[in-house]
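Subject: Structure for you to look at

Hi,

Here is the structure I promised to pass on. Please open it alongside this message and follow along as you read.

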Amino acid sequence: MARSGAFWQRLHRWASPPGFYRLSGRWVPWLAAASLALLALGLVWGLLYAPPDARQGNSYRIIYLHVPASFLALAGYYVMAVAGAIHLIWRVKLADMLMSAAAPLGAALTFLALFSGSLWGKPTWGTYWVWDARITSMLVLLFLYLGVMALRQAYASRETAGRACAVLALVGTVNIPIIYKSVDWWYSLHQPATIRLTAAPSMHPDMFKPLLVMIVAFYLFYAWVLILNTRAEILSRERRAAWVRELAEEDVT
Amino acid sequence: MNPQFDSLAEFAAMGGHGAYVWGVYGVAAVVMAWLVARPLRRRAQLLAALRSRRESR
Amino acid sequence: MHPVRRRRLVLVLFVLVVSSAGVGLAVYALRQNLNLFYTPSQVVRGEAPADTRIRVGGMVVRGSLERAADSLAVRFRLTDGDQELWVRHEGMLPDLFAEGEAAVAAGRLRAGPLLEADQVLAKHDENYTPPEVAEAMQAGHEARAAREAGEAGTP
């Protein structure tokens, strides 16, 4: 009982904006260093050392950006929707800040997934764009992210805006399994998944290892930017609080 | 493990697909740098605004 | 849990269930239209509309590709393992277009049936292999391609 009390106390301190701001400040340099190092390793490995594909030649190297960006575009939507649900149910302010931090980041990653897929499609499929189920559902994901961002601007009251965004984000989660399964449910131009939880990847290990490095690097990059966005959002919303003013005094750099 | 390309020119050409490969990585570099710079700039601006308000008082 | 929070939780679950059900029904109703292409069997059975632009996807039959000597016109057959369909096209073919590989052709159906394609796209699979490995696996690869062509025929 006493132990669980201490846990809740710690969680509470953690979920308070100043508590999160202080704690996350310690993680930022580590996340930045780890993600930049892994990005550099994955890029050099994937672009320079991984063998070319027997059929696609070197254009397949776009996969080292396309797959990690797509993974995080989808995972980032879950982050946004779960934060929205937590905000709706428990009215945790930090969850709302996380949600507004996740939207532009997710939109940028979805754009990168679509853009890299488009430039990959031209040399391999013979077209930049096709209204295929996978690609169209991914475009819907971009619109959902942009919709959440626009909705936040549309309300004068922060409380109402946060709740409306959370509901939109929750409704939009329907799209995520559709994106995942679109290549299996319908005849589509997009190839099925190379990486599966239940089976070995259909990719040679020499090509797969750098891809794995890039995926881990993108997860770290996502965490890094999400925390940076959340910290800026915290400062903006709490700028009238005493602790932020003290911070501004200390931080004379 | 050896590099797959014998020269810088070959590396840039990517077997004729250089425009697509480098187009993707170039745009990604710009977008990702922007993603990192945006919150850092916002934070710096907020703190600067708070300081200048304090000084003007 | 606090009753107010419990009510909000139920509300969140309700929103999720209702929107999933709505989208699920819409997707179920549209399931045929969400396919990017028809199969040659569907075209032969007359399930593809004749008066509009359609896409047909399948495996390019080995040995069926014919190129005109004086133009970019090509002819080839697409198969899903069951039926075959002739495709005529005038223009560039994508790099990955090859016999024994999957392709999607878009255009209008002519009598025959024959597809007068204005666009031919190559569909590639999820396998990535270095060239040396691919050569070494050539025999096994061909056996698998034949097996996959057989699977593609079952709807």
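Some ground rules come before that. This is a predicted model, in which local features need pLDDT of at least 70 and side-chain atom pairs count only at pLDDT 80 or more, while totals for chains, interfaces and linings use all residues. Residues are numbered from 1 along each chain as its sequence is written, chains are lettered from A and ligands numbered from 1 in the order in which they are written, and side-chain values use heavy atoms, with hydrogens and water left out.

Chain A

Chain A has nine helices and zero strands (helices are DSSP runs of H or I with at least four residues, strands are E runs of at least two, and both are numbered from the N terminus). Its C-alpha atoms fill a box of roughly 60 × 45 × 35 Å along the principal axes. Of the 253 residues in chain A, 57% are buried (buried is under 20% relative accessible area, exposed is over 50%, and partly exposed is in between, with a 1.4 Å probe and protein chains only). Among contacts (heavy atoms within 4.5 Å) between residues at least 6 apart in sequence, 75% join residues at least 24 apart in chain A. The chain exposes about 10,800 Å², and carbon and sulfur atoms supply 68% of that (areas come from the Shrake-Rupley method with a 1.4 Å probe, and for residues only the protein chains shown count as cover).

A surface patch and a pocket

On the surface, Phe7(A), Trp8(A), Leu11(A), Trp14(A) and Trp27(A) form a nonpolar patch with about 530 Å² of accessible area together. Patch residues have over 30% relative accessible area and no salt bridge, and nonpolar side chains (Val, Leu, Ile, Met, Phe, Trp, Tyr) are joined within 5 Å, like charges within 9 Å; a salt bridge is a side-chain nitrogen of Lys or Arg within 4 Å of a carboxyl oxygen of Asp or Glu. Helix α1 (residues 2-15) of chain A gives the largest share of the patch, four residues. Leu11(A) lies in that helix and, at 36% relative accessibility, counts as partly exposed.

The second largest pocket holds about 960 Å³ of space. Of its 39 lining residues, the closest to the centre are Phe71(A), Leu74(A), Arg134(A), Tyr180(A) and Ala193(A). In chain A, α3, α4, α5 (133-154), α7 (175-185) and α8 each supply at least two residues of the lining. On a 1 Å grid over the protein atoms alone, a pocket is an open set of points with protein on both sides within 12 Å along at least five of seven lines, and lining residues have an atom within 4 Å of a point. Points are joined across faces, edges and corners, and the volume is the space filled by probe spheres set on them.

Single residues

Arg231(A) sits in helix α8 (residues 205-237) and is buried, at 9% relative accessible area. Leaving aside residues up to four places away in sequence, Arg231(A) touches Tyr21(A), Ser24(A), Gly25(A), Val28(A) and Arg43(B).

Most residues other than glycine have a negative phi, and most peptide bonds are trans. Arg91(A), in the loop between α3 (63-90) and α4 (93-124), has a positive phi near 55°. Met14(B) also has a positive phi, about 50°, and is buried at 0%. Gly112(C) and Pro113(C) are joined by a cis peptide bond, with omega about -5°.

Best wishes

Notes:
On a 1 Å grid over the protein atoms alone, a cavity is a set of points where a 1.4 Å probe fits but cannot get out, and a pocket is an open set with protein on both sides within 12 Å along at least five of seven lines; lining residues have an atom within 4 Å of a point.
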